[in-house]
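Please look through the model shown here, with attention to helix packing, charged pairs and backbone geometry. The paragraphs that follow take these topics in turn.

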Number of protein chains: 2
Amino acid sequence: QMPRGNLETIHHRALVLTQLRKWLDGLKFKDAFECMRKLRINLNLIYDHNPTVFLNNIETFLKQIDSINHINLFLTELKEEDTTKTMYPSASPSVSGKEKKKVDIICDALRSAMETIDSQKYCLCILTSHVRKTTPELEIALQKVHELRVNPPSSGVSAEEALKYLLFLVNVNELYEHSLGTYDFDLVLMVAEKSQKDPKEYLPFLNMLKSLEANYQRFTIDKHLRRYCKALRHLSKCGEEHFSELLNLVKDQKLFSDALELYPSGSEQYRRLSVAHAEQLMEQQQMEQLEQAGLLLWRSGEPARALQAFQSCNSWRNALSVATQIPMPADQLALLARDLAEKLLEARRHSEAALCLEHYAKDCEEAISALVQGAAWEEALRLIYLYNRQDIIETNLKPAVKDAHSNQSFFLESQKALFVRHKNRLSVVREIKAKASLELFGEDAPDCVDAELFSEASSVLTGSHLGSKYSRSNSRISSRSSKNRRKAEGKKHSLKEGSPFEDIALMNALSQIIIVVDGMREELQCLLKALVLFQFDPLSRSLQTDYSDLLHLMESSIPEIWSETQQPGQSSITGPNSTANSIAASFHQQKPVASQQDTEALIPPKMRHTIKWKLDIIK
Amino acid sequence: QMPRGNLETIHHRALVLTQLRKWLDGLKFKDAFECMRKLRINLNLIYDHNPTVFLNNIETFLKQIDSINHINLFLTELKEEDTTKTMYPSASPSVSGKEKKKVDIICDALRSAMETIDSQKYCLCILTSHVRKTTPELEIALQKVHELRVNPPSSGVSAEEALKYLLFLVNVNELYEHSLGTYDFDLVLMVAEKSQKDPKEYLPFLNMLKSLEANYQRFTIDKHLRRYCKALRHLSKCGEEHFSELLNLVKDQKLFSDALELYPSGSEQYRRLSVAHAEQLMEQQQMEQLEQAGLLLWRSGEPARALQAFQSCNSWRNALSVATQIPMPADQLALLARDLAEKLLEARRHSEAALCLEHYAKDCEEAISALVQGAAWEEALRLIYLYNRQDIIETNLKPAVKDAHSNQSFFLESQKALFVRHKNRLSVVREIKAKASLELFGEDAPDCVDAELFSEASSVLTGSHLGSKYSRSNSRISSRSSKNRRKAEGKKHSLKEGSPFEDIALMNALSQIIIVVDGMREELQCLLKALVLFQFDPLSRSLQTDYSDLLHLMESSIPEIWSETQQPGQSSITGPNSTANSIAASFHQQKPVASQQDTEALIPPKMRHTIKWKLDIIK
């Protein structure tokens, strides 16, 4: 034979792929495989080209390939990647499915077929299929090697060869550790011998292990392998004398939930585990953790420590429950209640503070004061009459109601001013934008008759021309990483005059004002009732009028503020006068507004018209 | 002179209007006026053409017209309508302002000018300007006539002539009534005499009036003229003996607020008015009205009746305040509290019911039961320890917590099933829609090169072809009456398979499920804490897992459910391959979705990620 020329090895890839696809479609796996191997084409294509066909014809595949080495080659080259999409895309849509665990599917299918046909012959391939799985099944593979040793096969691969092959596929130490994990010392020794490890290293350890009680032995191995959950389970079977060791393991590895599952809820172990968990939670000094620690301590019969936990996270109901359970002397209970109330007042939870003060500190005056502070007029009045302290009405309640009136009036006024300012500025900004967009599109409007123009128009749209000032650049739209989005949002929200998204920022601000003011319905009704009850008629009248006017202003402004986004020049878009450019322009106008980030600002806030707040008795 | 031919009177309107505009711009009011009068062109145009110019040159206008009749003609022809927009639109944008009260502005401006120039000469025009105002100033006009009679002018119009002219402009009876309203009997007689009314009719009435005390006289006149507010004010000055008459007037005309303003808040009249108002409110038997009635009765020193009002509208705090104020005997107070608690329980306001039962009915057992029923576990536990009734924990609380667990688990499961069903159906519906839209636009896609095609495409879009099945017809979009919208919404929300807006309905339903399930965070955390406290660890574990999984499922589904609406095929719209039709198609796809009505369904519901509900102690 003549020596081959270089030219012969040059192939046009598209032609090769077409040929490969034909072979694969025709189930000519052998031809395809040989060709791919020669031309170094990724073997995944055999499966990816049409997964269903491959899986349905695995036996044909095995028969045609008929080489342990080649099957192993195929198995080792498997990747999750779909090569019809990445390396070898084809014009016609590929038939590939979307299974997540492609490698696992092929390994399992091939192994199943090989075990049916001839498990002795395919012995090494079967081992490969275990090792190649997403989570390598090393223990099963080792078990199979062990079986070979115990029952040497009449023909085919010996245990020794199999083990050698495994060691070729997998790191020695990893294999040794996994052999330990089977708790089968025969297997361990077999691997250890082949591993060229020093017997002086592993034999003492193995002997020590052998001397241990079965469960403790397994615990020791699990711990050595850092399989703490398994270790915990084995240790829990070792009896009471090992419980403190277990507790340490649980604390170190934070396995409280797992540990609690191993003991009945009434048992001493369960109790000690709960307490240990609570102690660890309390170290974190966070509100949520503290309350949960309190619950654990409480249920473990440690009310005093539970109280401490509840008190420090202001879980006042639980704190008071525990305190009364202990039971605490009245004067200490009162002190506790005052402490809780103080924190509740700081958190503006006035009614709860009042409850603590009324029932546990037995101080109705302070309780009423808390309610007055929290504008809970009706509740304050209820306590005033309950404790027959009508004097407080004149000294505290009425002045507070008057103060609340002037505060609310002032607040409404300031919100109104801000609202009007933003609204006016919004229409100015919109006018500027409209002008800018007219200037931009006005130029090429007359001569647009050809659809080709679109590509020009669109390149203008995405270009820096417009993006520079009034629209976000497209690159920012398409980059979806949340970090970038947050950055863009930060910029978007600038209310500074002339900022690129000032209109969006204004709409957001307007929406916020509406939501805040609309949210005052209940509060204001309560205040109005108090004003009426105390015969402050002019005050109630002015407040009702102010609030009603402001709500009305907002409601009537909504269509104006949020109109553009809903029907942006609808008539001009599909009308008979519309041109390619006008459509592009209108679409563009809509686009930067309707993008993912800004949708919120584009939806008018919903006002809660169903909440009737007005008093009919005031005009 | 020769008789004129018909032809001469035919003018081309556009030419005439152009000429008129030139004249008006040149301040040639006379020429314009003559021409308009001859050709019956609406005189409003004189002002509408350029309001600012007209108002700045009123004296020129008056000088040029220089005819009382013509000025009156101009005044009487004034309308709010802007004729440059309605009857005589011009190509160039009109300079007209947007004042709401155009007629008032012109009347006031002309009158002011005429009074400065020569009030005697323009007397009738001045009267016209009063009568023509939006709210005719008949009394001022009458007053001016009266002045003419008292001080007859040296020259010009006499009182008699002026009155005759007024009667020509205004209905006799109206003028007579308004003359009464001036409380000036001279004026009344003058009008009455000119009115050809029968003196036997009006003289006895006038004489009767003259015999009355001044305030009561005015009240009688105001009442006769149905000016009840004024009548009320005059009657209130008539002293105590007329108060019952006042009370009747107030009740009949529902002038409570106005009446209360007339009396100091401590006075007996104020009290009686408040009570009367309350009585009327109570007749309506509506919750809100009843509470307000209660407030009025309470402040009027009628606690018993106030209690009745508060009790019947379940205003429990006020009811208990009033009851303790009365004061009510303990056994009756307990009954009242039980009654209030029962109604509160019906309204699912368990904590408030518990408060009534605990403090007023002194029944801690019932109070705890109410809290347990309302799943207020912590609060129930607080009362249990406060009243040392730990037995209830085993008998009621623990079983209730277990029940709550199974109810919530069942609910979560059902919501999950519904969510998955809707979500799957949504993707089916979308596929169907996508196919339908491909079929529709696929046909004419190849041969679209001309912008003219748009009109065709748009007519297809708006036509019945597509509208019949999957899009709403355009007529429905444009009809904005709220009634129609509500109708459309009703249809839109049909979840029936194949309904035209099934996708929107599904999105709405999915959004609702997410909102409901997401809203359970706090409630579920409370339940989890109770489960932990009572050592129901397996239950807490399963519930936490179920809820966590469901939240996760929803969160991960949001991008899929709401993706299409956010970036609907963005790349294909402005890319180089896009055609007029593809843009129209993509626009169309977006349009029915992005219309006003459906925006809500298009916004993914916000999940409250900030609300941490999970307990760390459960895994």
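At what angle do helix H16 (residues 243–253) of chain B and helix H18 (residues 268–283) of chain B pack, and how far apart are their axes? This is a predicted model, in which local features need pLDDT of at least 70 and side-chain atom pairs count only at pLDDT 80 or more, while totals for chains, interfaces and linings use all residues. Residues are numbered from 1 along each chain as its sequence is written, chains are lettered from A and ligands numbered from 1 in the order in which they are written, and side-chain values use heavy atoms, with hydrogens and water left out.

The two helices pack at an angle of about 35 degrees, with their axes 11 Å apart; axes are lines fitted to C-alpha atoms, for helices over the stretch in contact, and angles run from 0 to 180 degrees between N-to-C directions. Helices here are DSSP runs (H or I, at least four residues), numbered from the N terminus. The crossing of H16(B) and H18(B) is right-handed, a term used if the near helix is turned clockwise from the far one by less than a right angle. On the side of H16(B), Phe243(B), Leu246(B), Leu247(B), Val250(B) and Lys251(B) meet Gln269(B), Arg272(B), Leu273(B), Ala276(B) and Gln280(B) of H18(B), where contact means heavy atoms within 4.5 Å. By class, this contact has six nonpolar, two polar and two charged residues, with Ala, Val, Leu, Ile, Met, Phe, Trp, Tyr, Cys and Pro counted as nonpolar, Asp, Glu, Lys and Arg as charged, and the others, Gly among them, as polar.

Turning to charged pairs, the structure holds 64 salt bridges over all chains, each being a side-chain nitrogen of Lys or Arg within 4 Å of a carboxyl oxygen of Asp or Glu. In one of them, Glu115(A) and Lys144(A) meet at 2.9 Å, N to O, and this pair links distant parts of the chain, from helix H7 (residues 102–118) to helix H9 (residues 138–150) of chain A, 29 residues apart. Glu115(A) is partly exposed at a relative accessible area of 36%, and Lys144(A) is partly exposed at 26%; buried means under 20% relative accessible area, exposed over 50%, and partly exposed in between (1.4 Å probe, protein chains only).

Another salt bridge in chain A joins Arg271(A) and Glu302(A) at 3.5 Å, N to O. Arg271(A) sits in helix H18 (residues 268–283) of chain A, whereas Glu302(A) belongs to the loop between helix H19 (287–299) and helix H20 (303–312), 31 residues apart.

Beyond its neighbours within four places in sequence, Asp518(A) is in contact with Tyr547(A), Leu551(A), Lys606(A), Met607(A) and Arg608(A).

The backbone also deserves a look. Most residues other than glycine have a negative phi, and most peptide bonds are trans. In chain A, however, the peptide bond from Ile326(A) to Pro327(A) is cis, with omega near -15 degrees, and Pro327(A) lies in the loop between helix H21 (316–325) and helix H22 (330–346). The peptide bond from Ile326(B) to Pro327(B) is likewise cis, with omega near -15 degrees. Asp66(B), although not a glycine, has a positive phi of about 50 degrees, and is placed in the loop between helix H5 (58–65) and helix H6 (68–77) of chain B.
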